Amino acid sequence: MKDVSGDWPAQHGFDVRFDWGPQGVERLAPHVRAVVIVDVLRFTTAVETACAGGVAVFPYRWKDASAAEFAASIYAILGGASGGPSLSPQSLRGLAAGASVVLPSPNGAACSLLAAEAGATVAAGCLRNASAVATWLTESTGRPLGILACGELWRDGSIRPALEDLLGAGAIISRLGGLALSPEAEAAAAAFEGARDRLVQALRDCASGRELVELQHADDIPWCAALDVSNVVPVLRDGAYRCA
């Protein structure tokens with residue numbers, strides 16, 4: 001196993017750094033002031049949509065009976081329950097302002113909580129709020145910054161780098177003008193610039209989009225692909241994402 005104890009895993013020397021998944025959180029979060037979690041299809045898009053309606057979102061790592069117990073303990077609605085709200089952003093739009101929802105997610109929620117446990121300020125970013133998140137980072141946090149693409153999980157628990165998260169992270173990074181980008185961050189920004197004029201098509205045709213189509217959630221794709229349509233920046237405080 002390679003040694004990851006030096007400066008190079010955390011991309012030291014750069015204002016803006018980019019990495020993938022829970023292991024990326026562990027590499028970056030202890031060394032940056034703020035971490036933006038990006039899970040475009042669909043956790044962080046769902047968080048943005050809920051917070052835009054005044055709903056607090058509690059990320060939860062596990063999709064099991066403990067999620068229901070946790071939701072009950074804080075008098076929150078459980079996401080993913082039959083007939084209720086879910087990771088589909090559209091399902092969260094009808095919740096009343098002031099409500100709280102628990103969203104279990106083995107990647108987006110897990111990365112959010114890991115970053116918070118490391119002591120970083122944590123925000124949820126997606127294509128819909130890319131410019132708003134970049135502005136907030138520029139005006140409200142210190143340096144350096146970590147932009148974290150969650151990716152997806154294979155059945156064996158390994159990370160599948162996901163195009164939609166690369167593009168979402170790149171959209172935020174591309175708007176952080178004047179800051180020193182790591183080569184990894186530069187590559188994410190370049191990927192976004194290459195796809196920015198065909199985001200709906202890219203998200204529909206990528207592996208995650210094709211999975212959503214197969215699962216009868218194709219209607220979520222245009223919503224998740226909409227660029228810079230929201231000024232909401234969800235920030236994780238006291239266990240819940242709320243508007244900054």
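These legends walk through a few close-up views of a predicted model. Local features here need pLDDT of at least 70 and side-chain atom pairs count only at pLDDT 80 or more, while totals for chains, interfaces and linings use all residues. Residues are numbered from 1 along each chain as its sequence is written, and side-chain values use heavy atoms, with hydrogens and water left out.

**View 1**
Leucine 87 sits in the loop between strand 4 (77-78) and strand 5 (100-104). Strands (E, at least two residues) and helices (H or I, at least four) are DSSP runs, numbered from the N terminus. Leaving out residues up to four places away in sequence, leucine 87 touches Arg42, Phe43, Ala46, Lys63, Leu103 and Pro104. Touching, or contact, means heavy atoms within 4.5 Å. Threonine 44 is 43 residues away along the chain, and its C-alpha atom is 9.0 Å from that of leucine 87.

**View 2. Serine 182 and its partner glutamine 11.**
Look for serine 182 in the loop between helix 6 (163-173) and helix 7 (183-195). Serine 182 is buried, at 0% relative accessibility. Its side chain makes a polar contact of 2.7 Å with the side chain of glutamine 11. Such a contact is a pair of N or O atoms within 3.5 Å; within protein, one must be able to donate a hydrogen and the other to accept it, and residues adjacent in sequence count only if both atoms are side-chain atoms. Beyond four places in sequence, serine 182 is also in contact with Phe14, Val16, Arg17 and Phe18.

**View 3. The largest nonpolar core.**
This core has 40 residues, and Val16, Leu137, Ile147, Ile172, Ile173 and Leu203 touch the most other members. A nonpolar core is a set of buried Ala, Val, Leu, Ile, Met, Phe, Trp, Tyr and Cys residues joined through side-chain atoms within 4.5 Å. Helix 5 gives the largest share, six residues. Valine 16 has contacts including Leu145, Ile147, Ile173 and Ser182.

**View 4. The hairpin of strand 10 and strand 11.**
Strand 10 (residues 234-237) and strand 11 (residues 240-243) run antiparallel, joined by four bridges; strands pair if DSSP finds at least two bridges between them. Proline 234 stands opposite cysteine 243. Two residues lie between the strands, and aspartate 238 takes a positive phi near 55°.

Key:
Buried < 20%, exposed > 50% of the residue type's maximum accessible area, 1.4 Å probe, protein only.
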